[in-house]
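I opened the notebook to record what I could look up about this complex.

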Amino acid sequence: MYWEPDNECMHREELEQLQLERLQATLNRVYGRVPFYRKKFDALGITPEDIGSLNDLARLPFTSKADLRDNYPYGLFAVPMREVVRIHASSGTTGAPTVVGYTRNDIRTWSNLVARVIAMGGVTKDDVIQIAFGYGLFTGAFGLHYGAERIGASVIPASSGNTTRQIKIMRDFRTTALVSTPSYALLIGDTLRETGTPLSSLSLKWGLFGAEPWSDAMRQEIEERLGIVATDNYGLSEVIGPGVSGECLERKGLHINEDHFILEVVDPDTLQPVPPGEVGELVLTTLSKEAFPMVRYRTGDLTRILPGECPCGRTGRRMSRVLGRCDDMLIIRGVNVFPSQVETVLFEIEGTEPHYQIVVERKGAMDEATVLVEAAESIFFDQMRRQKEMVERIQKRLAQELGVTFEVKLVERKTLERFEGKARRVVDKRQLWSSPTAEPHA
Amino acid sequence: MLRVRNLHVYYGRIHALRAASLHVVDNEVVALLGGNGSGKTTLLAAISGVVRAASGEVALRGESIVRARPDQIVRRGIAHVPEGRHIFKPLTVEDNLMLGAYHRYARSSRAAIRAEAEEVFRLFPVLAERRGQAAGTLSGGEQQMLAIGRALLSRPKLLLLDEPSMGLAPKVIREIFDHIARLRAERGVTILLVEQNARAALSIADRGYVLETGRVVLEGPAEDLLANREVQRAYLGRERSRTAAAERDADPSV
């Protein structure tokens, strides 16, 4: 159940001492070896010696995605290339890719951190784990792959796509754990239904999902369709890849591997820390990375720190599941809306399918937001009156929950695009950004 | 057991230790690695009070000892075996050992201390054989054992060892490190170790720190430090190629 109990259940005081030591060592390394950091520290008149406590971290400058792009490809590496054994690039969900490197030790650390997350999600060495993330520059597949091998599970590197084949592998190889994006898990669930494949023909028990925000309602849907216990895990290539945090089986937030990362939650506009427990942008500092250390990296992901201790015994603080990205927060007529909030409402309403898209346009000076949602066949071919009732019910719930009126359109099943990797739920036609690569919060 | 935070030490104008932080957990063996002048010996000396820190904290089991005198620190349970052993060469082996309990002469009976010395003779049988000999006639390895044994007579919770392998033949180094590992296993002593011989130190250590020009630049489990290329190049020297092969065999990622 625990992979590294000494680290995962470390006493808080001991953890903070270790964090300080590792922070200071990391700062000494980046200051001496990465000109980018030295310049930024010098500009503020700070040397690593000035950082005598964890609170002093706030005196250091942030690092943003734009900094990574400016130093493309290897400018932020802290070791010579001969010590780098692996290069990955961010999946480039928004904007241009960024390049990260790993030493042999980094790969080992990474494997261990993912092993912790996998063990938290219930998977053991007796499981057969199917990795349905795309193998390539994206860190998701390799990270989960190494972590799963590390705990001794049997790993099937299925990669993403070809859903029929995934299901055949799943059935024939008796896969017990699925790794994918939550949207792909849903698609697999849909395909199982359509092909009339009974769950009893599968051996699935666990699902480890990540790489995009998803709601608890979507979790329920996935669990029902696949007959599994689903957990969320979080990471990003700029920091290490998967392995930053993961849900234990309590499923009340994701335990952060705090012996390897320091987290801060800041207001994305003022960059000041938010009051404890409030939502803000997650900022991460790496503590053990050799090739690509990151100091105060603005992840762009919105979350909050959950209060209290977890009954599972792990002492790593928990972050809420990622609520969205700073850059996919929609501001509709001045109201902040996250796709995940829309998703939660849609999933509550009977007769909708878990596939939707949000389209935002500007009509004159007004934003107009439309939710396209697939309706179950029974509804779609039913009388107009029932369709109308359903549209009104969705509109009313969205307005209640989000404070914004949406247009709602029911569409036929399977008319919206399906995703094998990260889902694209929002189409913003307002062109508020000058170019797709612009830094949304620079 | 021990917690050090932001320790600064100056020798005149030389800033020898810059904001060094480290900790040692009960019954742990921790290695301090680094080149000449990196500050590792200074760090040990600042912990044992031999050198005074300009600023920073040193706490033993939660109690600050940074302002304490060396003899008070010995009483609190830290014994420092300095580089070069510093044994009293004209004195017998046994007398050298007994001096380790010097600060307890007033409170403990001579017999009790003698019993503890016998304990040390059991740990290092070679010293027992030479108990009546002048310490100066011992070999380098035996002198190192004597220095460690003498430190044990202060009944330390934490043993600071500075370069125990210095000037010893490889076979003797192995023997000394076997003894150090046994001290932890059998007597529950916690050890903070400074070593040039990084490989020997990391072979018995749980964790380690790497110092460079007075700064801690790396902290990690011993196995990670052994696999770190910079550590290999700087401190593991010519054995590097062998390490690379060993690592290749142990690494799941290749």
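**Entry 1: the model.** I noted before anything else that this is a predicted model. The predictor gives the complex an ipTM of 0.87 and a pTM of 0.85. For chain B I looked up the confidence, and the mean pLDDT is 89, with 93% of its residues at 70 or more. I also marked a stretch of chain B, residues 238-243, where the pLDDT is below 50. Beyond near neighbours in sequence, that stretch has six contacts in the model.

**Entry 2: chain A as a whole.** I found twelve helices and 21 strands in chain A. Along the principal axes, its C-alpha atoms fill a box of roughly 70 × 55 × 40 Å. What radius of gyration does chain A have, against that of a compact globule with 442 residues? The globule would come to near 22 Å and chain A has 22 Å, so the two agree. I then looked up burial, and 50% of the 442 residues of chain A count as buried. Of the contacts in chain A with a separation of 6 or more, 68% are between residues 24 or more positions apart.

**Entry 3: the cores.** The largest nonpolar core has 89 residues. I wrote down the residues with the most contacts inside it, which are I118(A), I129(A), I131(A) and V179(A). Helix α5 of chain A, residues 104-120, gives the most to this core, with nine residues. Apart from this core lies another, of 79 residues, and I listed L2(B), I73(B), A147(B) and I148(B) among them. I went back to I118(A) and looked up its contacts, leaving out residues up to four places away in sequence. I118(A) touches V123(A), G147(A), A148(A), I151(A) and L208(A).

**Entry 4: a sheet in chain A.** I traced an open sheet of four strands in chain A, with mixed pairing and the order β20-β19-β18-β21. Why is one side of β20 (407-411) and of β21 (426-428) in chain A left without a neighbour in the sheet? Both strands stand at the edges, each with a single partner strand, so one side of each has no neighbour there. Neighbouring strands of the sheet are turned by 20° against each other on average, direction ignored. Helix α10 of chain A, residues 339-348, packs on the sheet and touches β18 (352-363), β19 and β21 of chain A. The direction of α10 makes about 135° with that of β18(A). I checked one pair of strands in detail: β19 of chain A, residues 366-375, and β20(A) pair in the parallel sense over five bridges. V371(A) stands opposite V408(A) in β20(A).

**Entry 5: where the chains meet.** I found 21 residues of chain A in contact with 21 residues of chain B. On the side of chain A that touches chain B, α2 (12-33), α5 and α6 (139-151) of chain A each supply at least two residues. Of that side, α2(A) gives the most, with eight residues.

**Entry 6: strand β7 of chain B.** I looked up the partners next. Strand β6 of chain B, residues 78-81, pairs with β7(B) in the parallel sense over four bridges, and H80(B) stands opposite L160(B). Strand β8 of chain B, residues 190-194, runs parallel to β7(B) and is joined to it by five bridges. In β8(B), the bridge partner of D162(B) is V194(B).

**Entry 7: T42(B) and its helix.** T42(B) is in helix α1 of chain B, residues 40-48. Is T42(B) buried or exposed? T42(B) has 24 C-beta neighbours inside 10 Å, so it counts as buried; the cut-off is 20 or more. Leaving out residues up to four places away in sequence, T42(B) touches V9(B), A16(B), L17(B) and V51(B). R69(B) is 27 residues from T42(B) in sequence and 16 Å from it in space, C-alpha to C-alpha. Nine of the nine residues of α1(B) are buried, so the helix is largely enclosed by the rest of the structure. After α1(B) comes G49(B), whose phi is positive, near 85°.

Notes: Residues are numbered from 1 along each chain as its sequence is written. Chains are lettered from A and ligands numbered from 1 in the order in which they are written. This is a predicted model: local features need pLDDT of at least 70, side-chain atom pairs count only at pLDDT 80 or more; totals for chains, interfaces and linings use all residues. The radius of gyration is taken over C-alpha atoms; the globule rule is 2.2 Å times the number of residues to the power 0.38. A residue is buried if 20 or more other C-beta atoms lie within 10 Å of its own, exposed if 12 or fewer, and partly exposed in between; C-beta atoms are placed from the backbone. Two residues are in contact if their C-beta atoms, placed from the backbone, lie within 7 Å. A nonpolar core is a set of buried Ala, Val, Leu, Ile, Met, Phe, Trp, Tyr and Cys residues joined through C-beta atoms within 7 Å. pLDDT is the predictor's confidence in each residue, from 0 to 100. Two strands pair if DSSP finds at least two bridges between them. Axes are lines fitted to C-alpha atoms, for helices over the stretch in contact, and angles run from 0 to 180 degrees between N-to-C directions.
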